[in-house]
Amino acid sequence: MTRDPRIDAYIVKSQPFAQPILAHVRARVHAVIPDVEEALKWGMPAYTRGGAILLITAAFKAHAALNFWRGGEICDGNAKAGAMGQLGKITALEDLPSDLDALIAEAARLAASAPAPRQPRASAKPAAELHPAFTDALTGNPAARSHFDAFAPSHRREYIDWINGAKRDETRAKRIATAIAWIGQGKKHNWRYEQ
């Protein structure tokens, strides 16, 4: 039974109500899966087997959470509290399910099986259309056109959406003038926020 001292430290630093919850889950995981490995993932205690994550626990100010890595395939697939994991907010040992051992065993079985089914990818956004006045302005400034064409699609879209989002023609004209000046210098739309 391998114990990671970082998890010991995590439990000790947790709120007093969370310490017995985290310790109990840890004990149950080791009892159900003797060859489980402990790790710290994203700063939280994680339990793995053969490199595959089984579950992660976390403690917050007023609750703890237990998140099964392939939770969509166990616990009826419905998280009770979104990001709080499949078991919702846990504030006491009594909040843990009576079938916790079975859930842990199921997590181990799933981790040993084929990878989780992939979620379908969101369809790509359609190409943004340049406003005719913006197209004319780019055509009239070869340096700006060259920089604009070299930008990543996301950076071009930022300018296009900003210009197309103007409600008044005067606002659009000001934005186009500003955009041409910035683009001519090779600046992305959000250049002011870059470090």
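The questions below concern the cavity and the strand pairing in a predicted model.

Colleague: How many cavities of 30 Å³ or more does the structure hold?

Modeller: A cavity here is a space where a 1.4 Å probe fits but cannot get out. With the volume cut-off at 30 Å³ or more, the count for this structure is one.

Colleague: What volume does the largest cavity have?

Modeller: The cavity lies among Ile-53, Leu-54, Phe-68, Trp-69, Arg-70, Ile-74, Ala-107, Leu-110 and Ala-111, which line it. Its volume is about 50 Å³.

Colleague: Which element supplies the largest share of the lining of the largest cavity?

Modeller: Strand S3 (52-59) and helix H3 (100-112) each supply at least two lining residues. The largest share is three residues, and it comes from H3.

Colleague: How many charged residues does the lining of the largest cavity have?

Modeller: The lining includes Arg-70, and Arg counts as charged. Eight of the lining residues are nonpolar and no polar residue is present, which leaves the charged count at one.

Colleague: Which residue in S2 is the bridge partner of Lys-41?

Modeller: S1 (residues 37-41) and S2 (residues 44-49) pair in the antiparallel sense over five bridges. Two residues lie between these strands, and Trp-42 takes a positive phi near 55 degrees. The bridge partner of Lys-41 is Met-44.

Colleague: In the hairpin of S2 and S3, which residue takes a positive phi near 60 degrees?

Modeller: S2 and S3 pair in the antiparallel sense over four bridges, and Thr-48 stands opposite Ile-53 in S3. Ile-53 also lines the largest cavity. Two residues lie between the strands, and the positive phi near 60 degrees belongs to Gly-50.

Notes:
Residues are numbered from 1 along each chain as its sequence is written. This is a predicted model: local features need pLDDT of at least 70, side-chain atom pairs count only at pLDDT 80 or more; totals for chains, interfaces and linings use all residues. Side-chain values use heavy atoms; hydrogens and water are left out. On a 1 Å grid over the protein atoms alone, a cavity is a set of points where a 1.4 Å probe fits but cannot get out, and a pocket is an open set with protein on both sides within 12 Å along at least five of seven lines; lining residues have an atom within 4 Å of a point. Grid points are joined across faces, edges and corners, and a volume is the space filled by probe spheres set on the points. Two strands pair if DSSP finds at least two bridges between them.
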